[in-house]
Amino acid sequence: MQTIVQTVARTLAEEMQRDERVVVMGEDVGKRGGVFLATEGLFDKFGPDRVMDTPLSEAAIIGAAVGMAVHGLRPVAEIQFADYVFPGFDQLVSQAAKLRYRSGGTFNAPMVVRMPAGGGVKGGHHHSQNPETHFVHTPGLKVVYPSTPSDTKGLLKTAIRDEDPVVFMEPKRLYRAIKEEVPDDPDFTVPLGKAKIRQTGDDLVLISYGGSMAETAKAAEELAKQQISAEVIDLRSLMPWDKETVLERVARLGRVVLVSESPYTLNFMSEVSACICEEILDSLLAPPLRVTGFDTPYPYAQDREYLPGPNRILRAVQKVLEY
Amino acid sequence: MIADKQNFSPFNEEPISLISQAGEWTAPFACDLKDEQLKTMYQQMLAARLMDERFIKLQRSGKMSFVAPHSGHEAAQIAAAHAVRVGTDWLFPYYRDYGMTYALGEPLIEIFAQVTGSRLDTAKARQMPMHPSSKELNIFTGASAIASHIPPAVGAAISMKIRETGQVVLTSFGDGATSEGDFHAAINYAGAQGAPVVFLCENNRLAISVDFNKQTGAENIAIKAKAYGMPGYLVDGMDVLACYYVLQECVENARAGLGPSLVEAQVQRFGAHSSADDDSIYRSKEELEQMRQRDPLLRMRRFLENQGLWSERDENLFKKEILGEFQAIIDTLAEAEKVPLEWMFDDVYAEMLPHIAEQKKDFLG
């Protein structure tokens, strides 16, 4: 049994063992093992050349990772909180994302940028955000956001072995909240762009990813008590995302609620909702409803209330069912 | 100022200069470059100047959308190409560096194909003009975002260091770039790591129209190296041999494990910032005329002529030859087919993602 954050450290160790080009870099990832302990034990095992403490500079971390990747390493960079990616954002957008395209496919940057994201940890607006829309909106980046230890292992391995830059978001309020058995196989991978059906159901579909999967699962439990059977889909990967599974399952039941804790406007679920409306409108029995964070900076005092919790999800479900 | 050839003193107050305006060797050590290499350097400077002039003509005739002229920067750029090991070391240049990549060996056909957005461009005509790229020559593909290539340059150098490859990175940028956060982030990291990288600032004292004195309160750029824990050298950027000897020492120091250096080549930008700029708004003809007195080509030509290595005849022959080469390339490019529409959708990822394939199919049928 292991947690998400333990799985990150163990997966990194396995990948570093497998491929000596894999290096880990970031603030406090060395002796300290990361502020969340996501790189615990790596420094002792692999030494300072492969587990590199960097200056406190996200532009340096992400930018240097691009150069290392181009030169033949497979860097896994840690951004201490997703909220702090912005000084390095230009390196992701202008360098990493466009490198393959702008060089006509002659250069590429196989690199992973890991970042704990999401609220519910009393972190205020600079330790709680979910900036995935920025990344998804940048062609050239892949974006992953698992919600379980096993998916963390499988997706992180796939991300490290991928030939393109991957933004790997980790649901920090679930870092230690869930424990499960994780497959031992050092080659256990989960493909990018494949959703996971967490629970099958007959009345409506609930779709979510990352940290919000926890609240979505709670809402599904509540619904079960009310004899409402919800199908629960975990997207896991946002770029690419599994449109095929989503359209198929939503078309079957005709009702869908989309849950994601980032702000409402241009929330990733806006894209999912638009695709559903464009492609399977005739199958819908109710408009898709989004349950999201609000269009405010992430608050401190209302840390839990900002999140799309089970009650808000249930209200949306009721609307969709009664439509 | 200069102890001996292999030991320039950093944080010099007067720019290091090895040949006088009259083309006399003034250094306290002997110039050990072979005649052929000296001639090659000058020929490349001349070719770069002519290339610049040709670019402007191509832009005015609608065959290029944009030019960032490098005239006045040739000495620094050609010197940089000679200071590194071709095919071993890596260059991370900026958008005004076609003189450098040409001297490194980037074929003219590739350069002209890039700037004209031709199907023959190795980067598939994905970028606006003035963005060099060569996988074969280790020239990192250019990016317009100022200074954004400097952190990747440092990352590559750190990779070289930890893998002990014996390679060196040379990265170049203008004075404006030194105000960007990326410059600080990168050079600071390089200093902390002792990474094998040479930072070359081609300081022409203008960021488009903004004067150097509005860019920084520091007396020069080289002095900033002190704070990053590395030597900084101020060099007369109109003197190709001064640039060469200083850069070569920095490159070899980096290779020997002595860490990074910052070289500030004080150059002049003879042209406007770009074909979209009108520099007469912010500087006078007289100012420009004065700058041109210090033309790096004139100085190197006089040096060669003093040694009996170059003549008016050589000059005319070489010009004719290189202009003929340009024309042949332009004719070849004129015959190339159009850039295929479907290329728009390739190379976003290693394998095309389903949604892009869908968009491509929708659009192209």
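**Interfaces of chain A**

A: Chain A is divided into domain 1 (4-174) and domain 2 (196-322), with bounds that come from an automatic or database domain assignment. This is a predicted model, in which local features need pLDDT of at least 70 and side-chain atom pairs count only at pLDDT 80 or more, while totals for chains, interfaces and linings use all residues. Residues are numbered from 1 along each chain as its sequence is written, chains are lettered from A and ligands numbered from 1 in the order in which they are written, and side-chain values use heavy atoms, with hydrogens and water left out.

The centres of the two domains of chain A, taken over C-alpha atoms, are separated by 27 Å. Their contact (heavy atoms within 4.5 Å) takes 26 residues from domain 1 and 28 residues from domain 2. Between these domains about 2,100 Å² is buried, and carbon and sulfur atoms give 53% of this area; buried area is the accessible area (1.4 Å probe) that two parts lose on being put together, summed over both. On the side of domain 1, A:Lys122, A:Tyr145 and A:Arg173 supply 27% of the area buried against domain 2, more than any other three residues.

A:Arg173 also forms a salt bridge with A:Glu215, the closest N and O atoms being 2.9 Å apart. A salt bridge is a side-chain nitrogen of Lys or Arg within 4 Å of a carboxyl oxygen of Asp or Glu, and the rule finds four across this interface of domain 1 and domain 2. The side of domain 1 that touches domain 2 divides into 10 nonpolar, 11 polar and five charged residues.

Chain A also meets chain B: 41 residues of chain A are in contact with 42 residues of chain B. The area buried between the two chains is about 3,400 Å², with 64% from carbon and sulfur atoms. Within chain A, A:His71, A:Tyr101 and A:Arg102 lose the most area to chain B, together 23% of what that side buries.

The count between chain A and chain B is one salt bridge. A:Lys243 forms a salt bridge with B:Glu358, and their closest N and O atoms are 2.9 Å apart. Helix H3 (58-71), helix H4 (89-96) and helix H5 (99-102) of chain A each supply at least two residues of the side that touches chain B. H3(A) gives the most to that side, with nine residues; helices here are DSSP runs (H or I, at least four residues), numbered from the N terminus.

Terms used:
Nonpolar A, V, L, I, M, F, W, Y, C, P; charged D, E, K, R; others polar.
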